[in-house]
Amino acid sequence: MRTKVLLDKKGLERTVNRIAHEIIERNQGVEALSLIGIRTRGVHLAYRIREKIKDIEGIELPFGVLDITMYRDDVFKLKSPEVKKTEIPFDVNNMTIILVDDVMQTGRTTRAAIDAIMDLGRPKRIQLAVLIDRGDRELPVHPDYAGSSYTANPEEEVVVRLREVDKKDEVVVVRSQ
Amino acid sequence: MSILIKNGRVIDPKSGLDGILDVFIEGSLIKKIDKTLSGEGKDVEVIDAAGHIVAPGLIDVHAHLREPGYEWKETIRTGTMAAVKGGFTSIACMANTNPVNDSKSVTDYIITKARSEGACRVFPCGAITKNLKGEELAEIGEMVEAGIRAISDDGKSVKNSGILRKALEYAKLFNIPVISHCEDEDLSKGYVHEGRASLLSGLDAVPGIAEEIIVRRDITLAAYVDSPIHLTHISTAGSVDAIRQAKKDYRKITCDTCPHYFSITDEATLGFDTNTKVNPPLRSRDDMEAIIEGLRNNTIDIIATDHAPHEGTSKDVEFDIAAFGISGLETALALSLALVHQGVLTLHELFRKLTINPAKLLGLPYGEIKAGKTADLIVFNPEIEWTVDKNSFFSKGKNTPFHGRELRGKNLITIVDGKIAYKDPSFKG
Amino acid sequence: MKWTKKDLLGITGLSKEEILFILDTAESFRDISRRDVKKVPTLRGKTVITLFYEPSTRTRTSFEIAAKRLSADTINIAASTSSYVKGETLKDTAKTLEAMKPDVTIIRHSMPGAPHMLAKIVESSVVNGGDGAHEHPTQALLDLFTMREKKGTLDGLKIAIIGDIIHSRVARSNIFALRHFDTEIICCGPPTMLPPHLEDLGVKPEHSLEKAIRNADVIMTLRIQKERGGVAYIPSIKEYSTMFGLRKEHLSKAKKDVIVMHPGPMNRGIEIMDDVADGTSSVILDQVENGVAVRMAVLYLLLGREA
């Protein structure tokens, strides 16, 4: 196995900060804005973005956790059938929701996440923020905020490690030989 | 036509004969038993039984042949085919046919049919009461005339003690045994043994005392009128205990158990396999151990099959509504030989319970290997391992809880009345 | 954790981990019933058949709602036992249903082992919705879910089950499930209604209601199973009610925060009085709500099993 570092600890922090700035800029402030992280790592990224926005704007955005298992189109092909809780403690109606995920590839996760949120109400708009866009889309969805892009080969895997779950912060490309 | 069985280990539990001997059969009789006989005359079939055992043919005091009336379950033809495959040369068939064997005409029918189609000897058992209703005595004398060798209302007990008393007394006229199915029907509203397994399965259950109460009643009645009594398919520790105690004071008690009661327990019912549904039900481990001990200490005199064949649809239903019974003729010998393999009984002790004791109960001149006696005998090997396959049963009843089980000991040849009635395809020699 | 079982025929056969996995999965599914849009697409295109040989409103409805909230198609077959005795055997019914390619069949039957028989015949998943006096696994799972929800844990709980234990599949399944945890289980009823060998299952038999519920965390009352001949085991319903009916004054003997459960349908005024059934200790309606979540979890896991 060979690995290549896409983002180190510092780079990851800079990227999250940039996304936070872009969100504020694009929405001309933070009014009626909320963050929903897709389990597992999207949740931690969303939380970091929320902290950064709080630093900049002094406002704590409503924050939710989304488990998309029930909405997946490959639910019966999963290695583990574990379903975790979706916890969105605010009313999504008329909100601008920033959906946060770690890696975007096919777009299927995003599709499932959008469906899951739509079943909770009628948000004004949903935007998508991802740390890494690795291309190879299968559905017509695209991120509004992408930390960085990397066009990966089929034998490559983009791995996001976050200290909250993986004890360190980095994004690497792992190539199986 | 003559048969010479050479080089086999010949055992005769009655005389104690045991040795590598040749047996010469001429016509229907055993002519000679000696070392190294040669086949004199031209028309002699020689069977090389080297490495095998030659024993008297097995006698079953308790089987259901279902004919007349339930020919889709079994016929006299298929039932006796199953019998000879299993090593039986004589079987007694119970009266719960349709019509019930409670009259001379039904007895005549069974005997005539068995003579023309039967692969082995068939001795009908007549009903004690008309239509097995437990109300009035059947015409026992006429049936004896026609050929019954015992009477029984098997399937249920004679509930009315007064009627049973009269049957016990009346049977003395003919010197035939009363075979008693022991079950208190008010305590028997169930399908499995009442114990830990029934607690787990939630199936309605029958306590062991349902049998024991009637065992004690029947013994008490028989002793009072000084009649012989035979208690069939004994299944519980309490019954064995009651019989052992009673035999000390009163000698005219005999009893039998069946291979399933010393081979498996009520644990087998936990998967709801309807082939484990039998009456009396498969009992607890303690009961099974007591049955084995009862066989060892001769409280139990006879091993019977209670062969109860059923067609698939009687068993392919929910446990509650499935028919009771196990198709037993084709597994009885191997299951019984386990007692020898386990060191519970010697081969001679086991064969006494399968040959001479049942012969004595039914008053039959069979169950022996002796010059001058009728040639009803088997060649078997106690070591051959085989897997029970219900689909290869000759019996129409494929209802066995032993399907797929590895058993040790196999019947190879059955000779009835001097003729080969069954030869196992694997037998060479 | 992975799920490998095709069928849920009983609590027997489930490990402690599997029981907890179902309960944990149910936690996630419960929230769906509390939303405006009470539906997720998880089982879209799957077909669930309920085959009920015994009348039941709540269990069948609970399964049906569970299936529908997961977007499965449901078909209800009420097979009356009388016509079934005359006509089609369970085996034939099973084969007929199998030909219609359901993904899950939920069966309720008055005879123990009927679901096991069905499971041997069909390739689809089978869920035991109650078989005679044998098992009612989803009821026990929802009961454990409710106990855990209210008490935080199952370990250390003292549970008194009151009533017609011998005929109760609910009691059996609960006992089988609770045995996996550090619980004290007491079964209380007249001696005729307590089956022999209960002690072998680690259950304490008790004939006094007051003793049974002393210091109890959970009291579960059961109804007399009239359809299983339960009435013949007691002199009269009135006498039973006097001796074993749960009244408000009894609750003072139990722990302060005792919860009262009943699998339903209740016979008010017989095994449970109004002031208990409708009182603050009662979690009977929570059981009903949790039943849907647990059944959603069961359907989801059986269909999501490892091939």
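Predicted model: local features only at pLDDT ≥ 70, side-chain atom pairs only at ≥ 80, totals over all residues.

Colleague: Fine. What volume does the largest pocket have?

Modeller: About 1200 Å³. Its lining takes in 35 residues, and the closest to the centre are Arg39(A), Ile68(A), Arg72(A), Asp102(A) and Thr109(A).

Colleague: And by class, how does that lining divide?

Modeller: There are 15 charged residues, 12 nonpolar and 8 polar in the lining of the largest pocket.

Colleague: Which elements of chain A each supply at least two residues of it?

Modeller: Two kinds show up. The strands are β4 (96–104), β5 (125–133) and β7 (156–161), and the helix is α3 (108–118), each of them from chain A.

Colleague: OK, switching to interfaces. How many residues are in contact between chain C and chain A?

Modeller: On the chain C side there are 23, and they are in contact with 15 residues of chain A. Together the two chains bury about 1600 Å², with 59% of that on carbon and sulfur atoms.

Colleague: Which residues in chain C lose the most area to chain A?

Modeller: Ser28(C), Thr42(C) and Tyr300(C), which together make up 29% of what the chain C side buries.

Colleague: How many salt bridges there, between chain C and chain A?

Modeller: The rule finds 2 across that interface. One of them joins the side chains of Asp31(C) and Lys85(A), at 3.2 Å from N to O. For polar contacts, the count between chain C and chain A is 10 residue pairs, both residues being at pLDDT 80 or more.

Colleague: Which elements of chain C give two or more residues to that side?

Modeller: Helices α1 (16–30) and α11 (284–303) of chain C. The largest share, 5 residues, comes from α1(C). By class, the side of chain C that touches chain A has 12 nonpolar, 4 polar and 7 charged residues.

Colleague: Now chain B. How many residues does the contact take from chain C and from chain B?

Modeller: It takes 22 from chain C and 17 from chain B. Chain C and chain B bury about 1600 Å² between them, 63% of it on carbon and sulfur atoms.

Colleague: And how many salt bridges across chain C and chain B?

Modeller: Just 1 by the rule. Asp316(B) and Lys91(C) meet through their side chains, 2.5 Å from N to O. The polar contacts between chain C and chain B come to 3 residue pairs, with both residues at pLDDT 80 or more.

Colleague: What supplies the largest share of the side of chain C that touches chain B?

Modeller: Three helices of chain C each supply at least two residues there: α4 (90–99), α5 (114–121) and α7 (169–178). The largest share, 4 residues, comes from α5(C). That side divides into 12 nonpolar, 6 polar and 4 charged residues.

Colleague: Which residue has a positive phi although it is not a glycine?

Modeller: Asn94(A), at about 65°. The place of Asn94(A) is in the loop between β3 (63–66) and β4 of chain A.

Note on methods
Residues numbered from 1 in each chain as written. Chains lettered and ligands numbered in written order. Heavy atoms only, no water. 1 Å grid on protein atoms, 1.4 Å probe; cavity = no way out; pocket = protein on both sides within 12 Å on 5 of 7 lines; lining within 4 Å. Points joined across faces, edges and corners; volume = space filled by probe spheres on them. Nonpolar A, V, L, I, M, F, W, Y, C, P; charged D, E, K, R; others polar. Contact = heavy atoms within 4.5 Å. Buried area = accessible area lost by both parts, 1.4 Å probe. Salt bridge = Lys/Arg side-chain N within 4 Å of Asp/Glu carboxyl O. Polar contact = N/O pair within 3.5 Å; in protein donor to acceptor, adjacent residues only side chain to side chain.
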